[in-house]
Amino acid sequence: CMNFCGVFAPIPTPFVDDELDLGALRDNLARWMETDLAGIVVLGTNGESAQVNDNEADELIATTRSVMPESRLVIAGTGRESTRATVTATRRAADAGANAVLVRTPSFFKRLMTEEALIRHYTVVADAAPIPVLLYNFSAATGVNLSPIAVGKLSEHPNIIGIKESGGSIEQVGDLVVKASPGFSVLVGSAPTFFASLCVGAIGGILALAAVQPALCVKLLQLVQEHKLGQALVVQRQLTPLANLVTTVYGVPGLKAALDLTGYYGGPPRYPLLPVRPEGIDQIREAIALINEQIPVGS
């Protein structure tokens, strides 16, 4: 059984002159592997997965796996609009070395993505997948909500082992924990609600912020596991302003700017995404400086 109890960084895809920069990817990964991250998500929302073709996806997954120690998990985003294309992408990801896949809800035909349609989609994908499947619910981006009832049914499938819930609703996270089968992993994708989600039963997070502040995100999880909730709340407060800037406010270009400001390679996003304007970069710089100024939380 795979252990998803931990913090995973959904990493951005580095580009230079609109081509993949695999050298920058390797350099970033070497630094991330010096931290206690449980693994890496490649080609999630933050990986600009919608803007990367299948051959590029294969290269990104294979490169990520080749740099990382076997003990850390590589999760690849393989969500596509059709069930058939999702199955194909999932098999390719497995061939390229992914340990598990993260499959977002299809969303082009939003109104028709009923519980029945989504349950069938994920069941067919999980039946065909050579590696375990994580559901991915991100209604703010897709306009589709994978309900806790549907997740409860899907959690009975032996090859569907968890969910990344990015909605930011603590009520939904708590509902998922209650309705899912034993052993099903509930991970959250929203750093501002990480502490609260852990308190209602989530076991870890796939957090954009973990690409920029991996040690602090891991620290927050460890403090909750040790029942040091007061200290964990202090860390949550430290992280929230930057978390909001690199997700809600500026999105992927903001995350890339934050990486550039913290010694990683962020680089430009791929068009149509535009780089963050200078005033936005100043805001992100200030939020990073605030984290760095604060007293480290006692171990």
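Visitor: In which sense do strand β8 and β9 pair, and over how many bridges?

Guide: This is a predicted model. In it, strand β8, residues 160-165, pairs with β9 in the parallel sense, and the pairing runs over four bridges.

Visitor: What stands opposite S185 of β9?

Guide: G162 stands opposite S185.

Visitor: And which way do the residues of β9 point?

Guide: Strand β9 covers residues 185-188. S185 and L187 point one way, while V186 and V188 point the other way.

Visitor: Are those four buried or exposed?

Guide: S185, V186, L187 and V188 are all buried.

Visitor: OK, zooming out. How many helices and strands are in the protein chain?

Guide: The protein chain has 12 helices and 10 strands.

Visitor: What is its radius of gyration, and what would a compact globule have?

Guide: The radius of gyration of the protein chain is 18 Å. A compact globule with 299 residues would have one near 19 Å, so the two agree.

Visitor: What box do the C-alpha atoms fill?

Guide: Roughly 50 × 45 × 40 Å, taken along the principal axes.

Visitor: How much of the chain counts as buried?

Guide: Of the 299 residues, 55% count as buried. As for the surface, the chain exposes about 12,900 Å², and carbon and sulfur atoms supply 55% of that area.

Visitor: What share of the contacts comes from residues 24 or more positions apart?

Guide: Taking contacts with a separation of 6 or more, residues 24 or more positions apart account for 72%.

Visitor: Charges next. How far apart are the mean positions of the positive and negative ones?

Guide: They are 4 Å apart, for 22 positive and 28 negative charges.

Visitor: Now Q213. Where is it found?

Guide: Q213 is in the loop between β10, residues 204-206, and α9, residues 214-225.

Visitor: Why does Q213 count as buried?

Guide: Because its relative accessible area is 11%, and buried means under 20%.

Visitor: Which residues does Q213 touch?

Guide: Leaving out residues up to four places away in sequence, Q213 touches L239, L242, I288, I291 and N292.

Visitor: And Q222, where is that one found?

Guide: Q222 is in helix α9. Q222 has 32% relative accessibility, so it counts as partly exposed.

Visitor: What separates the C-alpha atoms of Q222 and L245?

Guide: A distance of 24 Å separates them. Along the chain, Q222 and L245 are 23 residues apart.

Notes. Residues are numbered from 1 along each chain as its sequence is written. This is a predicted model: local features need pLDDT of at least 70, side-chain atom pairs count only at pLDDT 80 or more; totals for chains, interfaces and linings use all residues. Side-chain values use heavy atoms; hydrogens and water are left out. Helices (H or I, at least four residues) and strands (E, at least two) are DSSP runs, numbered from the N terminus. The radius of gyration is taken over C-alpha atoms; the globule rule is 2.2 Å times the number of residues to the power 0.38. Buried means under 20% relative accessible area, exposed over 50%, partly exposed in between (1.4 Å probe, protein chains only). Contact means heavy atoms within 4.5 Å. Accessible areas come from the Shrake-Rupley method with a 1.4 Å probe; for residues, only the protein chains shown count as cover. Lys and Arg count as positive and Asp and Glu as negative; His and the chain ends are not counted. The place of a charge is taken as NZ of Lys, CZ of Arg, CG of Asp or CD of Glu. Two strands pair if DSSP finds at least two bridges between them.
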